Amino acid sequence: MNKWNERYAADSGFVFGTEPHEFIRRVAPYFPESGRALDLAAGEGRNGVFLAECGLQAEGTDLSAVGVGKARRLAAIKGVGFHAYVADVAEMAMPSETFSVITSVNCHFAEPVRSRLAQKIVAALVSDGLFAGVFFHPEQAALAKGPNDATMLADLPTLQTAFSGLEWLVAEHRREGVGDEAKSVICLLGRKV
Ligand SMILES: C[S@@+](CC[C@H](N)C(=O)[O-])C[C@H]1O[C@@H](n2cnc3c(N)ncnc32)[C@H](O)[C@@H]1O
């Protein structure tokens with residue numbers, strides 16, 4: 001059992017809650033009223049289900065079968081259609097020019113996978129399609145929470161380069177919280193040009 005299966009199985013509720021990450025909620029006014037949406041590394045579904053609540057035809061994928069099962073449960077609780085399935089986002093094929101919105105919250109890869117995946121995402125967006133991503137900054141590796149392998153993390157210019165082909169509506173690096181709660185986070189909202 002992978003570590004995320006264990007973590008999700010150990011919690012009868014939802015590890016990250018049932019509401020979307022605050023950045024995904026913040027950028028929702030940019031979303032179109034219809035179209036297909038894909039949430040990568042969807043976990044227990046909080047962000048993907050929110051995309052469905054926004055009126056999008058939403059799907060989401062995660063390596064954790066337990067997470068996918070809970071994402072389906074969350075969609076049922078919220079009364080929306082959300083197609084959740086198990087897949088490795090680093091390996092999965094993505095149809096080109098298909099999605100109006102793609103989201104990814106707190107899923108990290110080292111190079112060369114990071115840049116390859118970023119360009120797969122850009123190719124999978126329709127023209128004017130949106131990518132909304134939340135990533136830990138390399139500084140996070142020295143902080144209490146999050147990944148402790150800095151090679152998995154990238155700074156803002158590096159991520160912007162990886163996602164070339166998008167114009168940036170939001171590109172920010174912010175530090176928040178202190179002590180065990182300290183976070184160094186990158187938030188991106190890009191539109192395919
Ligand atoms: C920190 S959790 C975030 C979950 C979700 N995005 C959220 O914000 O609630 C990271 C998730 O990434 C998933 N993950 C890690 N590597 C993955 C991969 N290669 N393919 C698909 N999912 C992956 C894990 O299973 C886990 O659910």
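Domain bounds here are those of an automatic or database domain assignment. In the predicted model, this assignment divides the chain into domain 1 (34-92) and domain 2 (105-193). The contact between them draws on 8 residues from domain 1 and 7 residues from domain 2. The C-alpha centres of domain 1 and domain 2 are separated by 20 Å.

About 620 Å² is buried between domain 1 and domain 2, and carbon and sulfur atoms account for 59% of this area. On the side of domain 1, the greatest losses of area to domain 2 fall on Leu40, Val89 and Ala90, which together contribute 56% of what that side buries. Polar contact between domain 1 and domain 2 is found for 2 residue pairs, both at pLDDT 80 or more. The number of salt bridges between domain 1 and domain 2 is 0.

Strand E7 spans residues 183-192. Of its 10 residues, 8 are buried, so strand E7 is largely enclosed by the rest of the structure; the cut-off for a buried residue is under 20% relative accessible area. Strand E7 pairs with two strands, E5 and E6. With strand E5 (residues 125-136), the pairing is antiparallel and runs over 7 bridges. Phe136 lies opposite Val185 of E7. With strand E6 (residues 166-176), E7 forms 10 bridges, also in the antiparallel sense. Ala171 has Leu188 of E7 as its bridge partner.

E6 and E7 form a hairpin with 6 residues between the strands. In this hairpin, Gly177 adopts a positive phi near 75°.

Key:
Residues are numbered from 1 along each chain as its sequence is written. This is a predicted model: local features need pLDDT of at least 70, side-chain atom pairs count only at pLDDT 80 or more; totals for chains, interfaces and linings use all residues. Side-chain values use heavy atoms; hydrogens and water are left out. Buried means under 20% relative accessible area, exposed over 50%, partly exposed in between (1.4 Å probe, protein chains only). Helices (H or I, at least four residues) and strands (E, at least two) are DSSP runs, numbered from the N terminus. Two strands pair if DSSP finds at least two bridges between them. Contact means heavy atoms within 4.5 Å. Buried area is the accessible area (1.4 Å probe) that two parts lose on being put together, summed over both. A salt bridge is a side-chain nitrogen of Lys or Arg within 4 Å of a carboxyl oxygen of Asp or Glu. A polar contact is a pair of N or O atoms within 3.5 Å; within protein, one must be able to donate a hydrogen and the other to accept it, and residues adjacent in sequence count only if both atoms are side-chain atoms.
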